[in-house]
Amino acid sequence: MKAANGLTDSMLAEVPPDDGHRKNLLNKDLKRIGLSVVRDSKGVTWMVQDFVN
């Protein structure tokens with residue numbers, strides 16, 4: 001639970017890049033989102049978001 005809370009805190013504290021990411025998040029035409037969280041063999045956590053119509 002503590003690791004999940006830390007991960008959430010890190011994600012919320014991240015400054016969004018100025019490359020359209022925020023625009024995608026706020027786009028009312030996008031109807032679905034795909035999320036994936038994976039921890040690799042070195043213990044590094046990778047997160048991916050995919051926005052689609």
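Mentor: The model is predicted.

Trainee: How many helices and strands are there in the chain?

Mentor: Two helices and two strands.

Trainee: What is the mean pLDDT of the chain?

Mentor: The mean is 80. Of the residues, 89% reach 70 or more.

Trainee: Which elements have the lowest and the highest mean pLDDT?

Mentor: Helix α1 has the lowest, at 73. Strand β1 has the highest, at 88. Where pLDDT is low, predicted coordinates should not be read in detail.

Trainee: On to the strands. In which sense do β1 and β2 pair?

Mentor: Antiparallel, over eight bridges. Strand β1 covers residues 32–39 and β2 covers residues 45–52.

Trainee: Which residue in β2 is the bridge partner of Ile33?

Mentor: Phe51. As for Leu35, the residue opposite is Gln49 in β2.

Trainee: And the turn? Which residue in the hairpin takes a positive phi?

Mentor: Gly43, with a phi near 90°. The hairpin has five residues between its strands.

Trainee: Where does Leu30 sit?

Mentor: In the loop between α2 (21–26) and β1.

Trainee: What does Leu30 touch, leaving out residues up to four places away in sequence?

Mentor: Asn24, Phe51, Val52 and Asn53. Phe51 is also the bridge partner of Ile33. Take Asn53: along the chain, Leu30 and Asn53 are 23 residues apart. Their C-alpha atoms are separated by 4.5 Å.

Trainee: Switching to charges. How many salt bridges does a search of the whole structure find?

Mentor: One. Lys28 forms a salt bridge with Asp29. The closest N and O atoms are 3.7 Å apart.

Trainee: Why can such side chains pair?

Mentor: Side chains of opposite charge can pair when their charged atoms come close.

Trainee: Is Lys28 buried or exposed?

Mentor: Exposed, with a relative accessible area of 68%. Asp29 counts as partly exposed, at 45% relative accessibility.

Trainee: Last topic, the surface. Which residues make the nonpolar patch?

Mentor: Met11, Val37 and Met47. The patch is about 270 Å².

Trainee: Where is Met11?

Mentor: In helix α1, residues 2–13. Remember that α1 has the lowest mean pLDDT among the elements.

How values were computed
Residues numbered from 1 in each chain as written. Heavy atoms only, no water. Pairing = 2+ DSSP bridges. Helix = DSSP H or I, 4+ residues; strand = E, 2+ residues; numbered from the N terminus. Contact = heavy atoms within 4.5 Å. Salt bridge = Lys/Arg side-chain N within 4 Å of Asp/Glu carboxyl O. Buried < 20%, exposed > 50% of the residue type's maximum accessible area, 1.4 Å probe, protein only. Patch = residues over 30% accessible without salt bridge, like charges linked within 9 Å, V, L, I, M, F, W, Y side chains within 5 Å. Areas by Shrake-Rupley, 256 points an atom, 1.4 Å probe, with all protein chains shown as cover. pLDDT = per-residue confidence, 0-100.
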